[in-house]
Amino acid sequence: MTELRYLDFDYSEDTEGHGTFDAMATTAPAKTCEVLAEVAEVLAWANATFPDMQGALENGAMWDFDLQQTREAPDLDTVTFSLSGTADFCAALREQFKLD
């Protein structure tokens with residue numbers, strides 16, 4: 001199990017049975033590297049646990065992600081991170097990172 005300090009995910013599910021975990025973290029620019037380190041940790045786990053299975057879910061992949069970083073003001077950065085996957089991927093992600 002890995003604890004995340006910055007990424008707090010909200011979960012939703014589509015009619016195809018795919019789940020999406022969305023997180024947004026707004027921090028001072030000096031802390032953005034810590035947020036991105038958590039994103040890298042989650043992606044490293046996904047790549048190690050489900051290797052060569054990342055891509056468009058509608059094309060048969062097991063998981064995919066979207067990552068964006070913006071400067072909101074001189075003293076605020078926002079990182080948005082979405083991770084989507086099949087039911088098996090979502091269950092494994094929940095277990096690994098103790099997500100609700």
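Student: Is Trp-45 buried or exposed?
Tutor: This is a predicted model, where local features need pLDDT of at least 70, side-chain atom pairs count only at pLDDT 80 or more, and totals for chains, interfaces and linings use all residues. Residues are numbered from 1 along each chain as its sequence is written, and side-chain values use heavy atoms, leaving out hydrogens and water. Buried means under 20% relative accessible area, exposed over 50%, partly exposed in between (1.4 Å probe, protein chains only). Trp-45 has a relative accessible area of 12%, so Trp-45 is buried.

Student: Which kind of aromatic pair do Trp-45 and Phe-50 form?
Tutor: Rings of Phe, Tyr and Trp (its six-membered ring) pair if their centres lie within 6.5 Å; planes under 30 degrees apart count as stacked, over 60 as edge-to-face, the rest as tilted. The structure holds ten aromatic pairs. In one of them, Trp-45 and Phe-50 sit 6.0 Å centre to centre, with 70 degrees between the planes. That pair is edge-to-face.

Student: What is the relative accessible area of Phe-50?
Tutor: Phe-50 is buried. Its relative accessible area is 10%.

Student: Which residues does Phe-9 contact, leaving aside its neighbours within four places in sequence?
Tutor: Contact means heavy atoms within 4.5 Å. Phe-9 also belongs to one aromatic cluster, with Phe-21 and Phe-81 among its members. The contacts of Phe-9 are Leu-4, Phe-21, Asp-22, Ala-23, Phe-81 and Leu-99.

Student: At what distance from the ring centre of Tyr-11 does Arg-94 lie?
Tutor: A charge sits over a ring if NZ of Lys or CZ of Arg is within 6 Å of the ring centre and within 35 degrees of the ring normal. Arg-94 lies over the face of Tyr-11, at 4.1 Å.
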